[in-house]
Amino acid sequence: MEYINAIGRRKSSVARVYMSEGTGKITINKKDLTEYFPSAILQYVVKQPLMVLGCEGKYDIKVNLDGGGFTGQSQALRMAIARALVKVNAEDKKALKVQGFLTRDSREVERKKPGQPKARRRFQFSKR
């Protein structure tokens with residue numbers, strides 16, 4: 001098996017994944033998964049597609065992560081891993097789609113409007 005690449009996005013984060021057969025090592029921006037995401041919750045989010053299919057320790061994953069914050073990055077990476085797993089085995093698509101790992105969460109931050117303190121918040125109205 002050669003390298004299989006896939007891309008995942010969430011908010012302003014972009015995750016490019018390069019997957020090959022191996023021992024289950026996940027490297028993000030040349031750092032180990034536990035070093036890049038110290039939080040156990042975020043590590044769990046990243047590994048969810050592998051856990052659903054029961055193939056932890058089967059693939060080596062190299063990742064280029066860019067943009068956004070840690071939550072968006074972890075969810076973008078989850079989507080990219082799920083897409084790469086579907087490229088490996090098309091029968092896994094149904095299990096991953098049911099969990100919602102293949103659906104792009106398109107919510108973005110709304111821009112701030114001029115004459116307002118935030119995107120939707122307005123300055124207090126004074127009648128007199």
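Good morning. I begin with helix 2, whose buried residues are covered by, among others, strand 3, helix 1 (33-36), strand 5, helix 3 and helix 4 (93-99). Contact here means heavy atoms within 4.5 Å. Helices (H or I, at least four residues) and strands (E, at least two) are DSSP runs, numbered from the N terminus.

Some notes on the source. This is a predicted model, in which local features need pLDDT of at least 70 and side-chain atom pairs count only at pLDDT 80 or more, while totals for chains, interfaces and linings use all residues. Residues are numbered from 1 along each chain as its sequence is written, and side-chain values use heavy atoms, with hydrogens and water left out.

To stay with helix 2: the buried residues there are Leu42, Gln43, Val45, Val46, Gln48, Pro49 and Leu50. Buried means under 20% relative accessible area, exposed over 50%, and partly exposed in between, with a 1.4 Å probe and protein chains only. The helix has 14 residues and spans 20 Å from its first C-alpha to its last, close to the 20 Å expected at 1.5 Å a residue; the expected span is 1.5 Å times one less than the number of residues. At Lys47, shortly before the proline Pro49, helix 2 has a kink of about 55 degrees, the bend being the angle between axes fitted to the seven residues ending there and the seven starting there.

Five strands form an open sheet of mixed pairing, in the order 1-2-5-3-4. The edges are strand 1 and strand 4 (31-32), each of which pairs on one side only. Two strands pair if DSSP finds at least two bridges between them. Strand 1 and strand 2 run antiparallel and are joined by seven bridges; Ile4 stands opposite Met19, and Asn5 has Tyr18 as its bridge partner. In their hairpin, with two residues between the strands, Lys11 takes a positive phi near 50 degrees. On strand 1, Ile4, Ala6, Gly8 and Arg10 make up the covered face, and Asn5, Ile7 and Arg9 the uncovered one.

Further along, strand 2 pairs with strand 5 in the antiparallel sense over eight bridges, with Tyr18 opposite Lys62. Strand 3 and strand 4 are also antiparallel, over two bridges, and Thr27 faces Asp32 across that pairing.

Which residues have the most contacts inside the largest nonpolar core? They are Val17, Ile61 and Leu77, in a core of 28 residues. Strand 1 (4-10), strand 2 (13-21), strand 3 (26-28), helix 2 (40-53), strand 5 (59-66) and helix 3 (70-88) each supply at least two of its residues, and helix 3 gives the most, with eight. By definition, such a core is a set of buried Ala, Val, Leu, Ile, Met, Phe, Trp, Tyr and Cys residues joined through side-chain atoms within 4.5 Å. Leaving aside neighbours within four places in sequence, Ile61 is in contact with Val17, Tyr18, Met19, Lys25, Ile26, Thr27, Leu50 and Ile81.

Finally, the aromatic residues. A search of the whole structure finds one aromatic pair: Tyr36 and Phe37, edge-to-face, 5.0 Å centre to centre with 90 degrees between the planes. Rings of Phe, Tyr and Trp (its six-membered ring) pair if their centres lie within 6.5 Å, with planes under 30 degrees apart counted as stacked, over 60 as edge-to-face and the rest as tilted. Phe37 is buried at 1% relative accessibility, whereas Tyr36 is partly exposed at 22%. Thank you.
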